[in-house]
Protein chains: 2
Amino acid sequence: MYKEKEQEPVALYDFYQQKDKMYVATDCIIFGFDSGSLKLLTFKRRVEPLKGEWSLIGSFVKLEEDVSSAAKRVLEEITGLTNVFMEELKTYGVADRDPGYRCISIGQYALIRLNEYDKELVEQHGAVWHDVNDLPELVLDHRQMVDDALEELKRKARYRPIGFELLPEKFTIPQLQSLYEAIYQKELDSRNFRKKVMSHNVLIKLDEKDKSSSKRGAYLYKFDHDTYEKLIRSGYNFEI
Amino acid sequence: MYKEKEQEPVALYDFYQQKDKMYVATDCIIFGFDSGSLKLLTFKRRVEPLKGEWSLIGSFVKLEEDVSSAAKRVLEEITGLTNVFMEELKTYGVADRDPGYRCISIGQYALIRLNEYDKELVEQHGAVWHDVNDLPELVLDHRQMVDDALEELKRKARYRPIGFELLPEKFTIPQLQSLYEAIYQKELDSRNFRKKVMSHNVLIKLDEKDKSSSKRGAYLYKFDHDTYEKLIRSGYNFEI
DNA sequence: GCAAAAGTGTTTGACATACACCCATGC
DNA sequence: GCATGGGTGTATGTCAAACACTTTTGC
């Protein structure tokens, strides 16, 4: 509907025309999980200002595009993934946050499985995974976005099964525990953790074992989305 | 910094210039509490499109203005209040949400005390309080914003003492309970409620009674911000 | 003296926490 | 046979939920 790019499109009503327009961006805080710690996808900024510095992956929102679609577009361009867990974090709207020109940014965080994304594509875009506990300096307010996202993740993980978005389809209980330890930044008791997780009856035990981290091997499980949905609809209070 | 209104300001870098600019608005979901129920401040829209219909109170964000400042400005213009509790809700960024022109809006909700705002000013602006359980139809996605804000209020009220922002400085325990019942939309047991609230030691009992709703009268209390801050800083888990 | 709201304690069950040992296997 | 991580059960304390009667006072 707002197609013309050469000539500036015109607002339909006088009232709007006197008002200021500005750039609207979206920045993606993309998390992964591996080897016991959370990872963040960053890349080297390719445009002035601040060219060459570490940055989150973002884009300007186009006139004909939803804000959430813009973030999904960016994520797909870089990782090849669609149908990824992604939620709005908050808006970064301080007037002078971007030295280039007035630009607000809507932070959106995504959780992806490190065994599923397109590694070549990521490389082509110069994107790099960093351990969240060992991040380089990031441009603008991007570090704040990451910190906010980690806080939000901590809050959300408690009452919603978003942790599973970060693990492979098949995972072991020790892996799951290690993930929650990374999110909550504290050690958990394995007996209590297992008890609580199992009590919800949303894990399907498989006949396979994962022997990559022990001789005995740990049983693999899958998250049972259907049962979870049913529970939630009936008012169940899910908590990990 | 971005002052010129007649001539469109120019972005400093080529990269920006090819991108789309759009209007950024903020809409305020302003809640009050009285007579056992939550109220929402709405007004009749004065500009096309949708002139004359019920709407939230909002404004376009100016180039030199923070998004949060814009919301505070609107709130002060209409109620005369500053230093009001206000937080970002979320961004409404669907491409065709505003028929006038591409415009995203950042919803921000505010909690105010109905005994403190400037009633004349509110009237001058044609603003009207509605019971949230009996709202008229609102323009655009404003009804969605209200519903989202009510959800958020329910979540936030549990772990943060934001309820007190809606009551007069001095309030009774039954008033406080009635407020929480309105927020949670469910009745609470008065013995358990009082026990829990008092257990935090953040209420200061006054020597006055409020007799407006009973012959016996109920003691008035004040919220003890200082003690609350100390508790929180020391990691206390506040919950109502 | 009675209606109407304010104020007060105890019991119960559910759940979070703390805690230590055996199991299976590859080397 | 031993080192390594996987897997299990019980006891204790804390806290939320349920529940009913007395107090005060204006009329």
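Q: How far is a base oxygen of DNA strand C from an N or O atom in the side chain of A:Arg216?
A: The separation is 2.6 Å. A polar contact here is a pair of N or O atoms within 3.5 Å; within protein, one must be able to donate a hydrogen and the other to accept it, and residues adjacent in sequence count only if both atoms are side-chain atoms.

Q: Which elements give two or more residues to the surface near DNA strand C?
A: They are H6 of chain A, together with H6 and strand E10 (218–223) of chain B. Helices (H or I, at least four residues) and strands (E, at least two) are DSSP runs, numbered from the N terminus.

Q: Before we go on, what conventions apply?
A: This is a predicted model, in which local features need pLDDT of at least 70 and side-chain atom pairs count only at pLDDT 80 or more, while totals for chains, interfaces and linings use all residues. Residues are numbered from 1 along each chain as its sequence is written, chains are lettered from A and ligands numbered from 1 in the order in which they are written, and side-chain values use heavy atoms, with hydrogens and water left out.

Q: Back to DNA strand C: which residues come nearest?
A: Of the 18 residues around DNA strand C, the nearest are A:Arg191, A:Arg216, B:Arg191, B:Arg194 and B:Arg216. A residue is near a strand if one of its heavy atoms lies within 4 Å of it.

Q: What does A:Lys211 approach on DNA strand C?
A: A polar side-chain atom of A:Lys211 lies 3.5 Å from a phosphate oxygen. A:Arg191, in turn, places a polar side-chain atom 3.4 Å from a base nitrogen.

Q: And DNA strand D, which residues are closest there?
A: Among the 18 residues that surround DNA strand D, the closest are A:Arg191, A:Arg194, A:Arg216, B:Arg191 and B:Arg216. A base oxygen of DNA strand D is 2.4 Å from an N or O atom in the side chain of B:Arg216. For B:Asp189, a polar side-chain atom lies 3.3 Å from a base nitrogen. A polar backbone atom of A:Tyr219 is 3.0 Å from a phosphate oxygen.

Q: How do the residues of the surface near DNA strand D divide?
A: Eleven are charged, four polar and three nonpolar. Ala, Val, Leu, Ile, Met, Phe, Trp, Tyr, Cys and Pro count as nonpolar, Asp, Glu, Lys and Arg as charged, and the others, Gly among them, as polar.

Q: Changing topic: what is the strand order in the open sheet of three strands in chain A?
A: The order is E8-E10-E9, with antiparallel pairing; two strands pair if DSSP finds at least two bridges between them.

Q: Why is one side of E8 and of E9 left without a neighbour?
A: Strand E8 (170–172) and strand E9 (203–210) of chain A are at the edges, each with a single partner strand, so one side of each has no neighbour in the sheet. Neighbouring strands are turned by 45° against each other on average, direction ignored.

Q: Which residue stands opposite A:Asp210?
A: That is A:Ala218 in E10(A). E9(A) and E10(A) pair over five bridges.

Key
Axes are lines fitted to C-alpha atoms, for helices over the stretch in contact, and angles run from 0 to 180 degrees between N-to-C directions.
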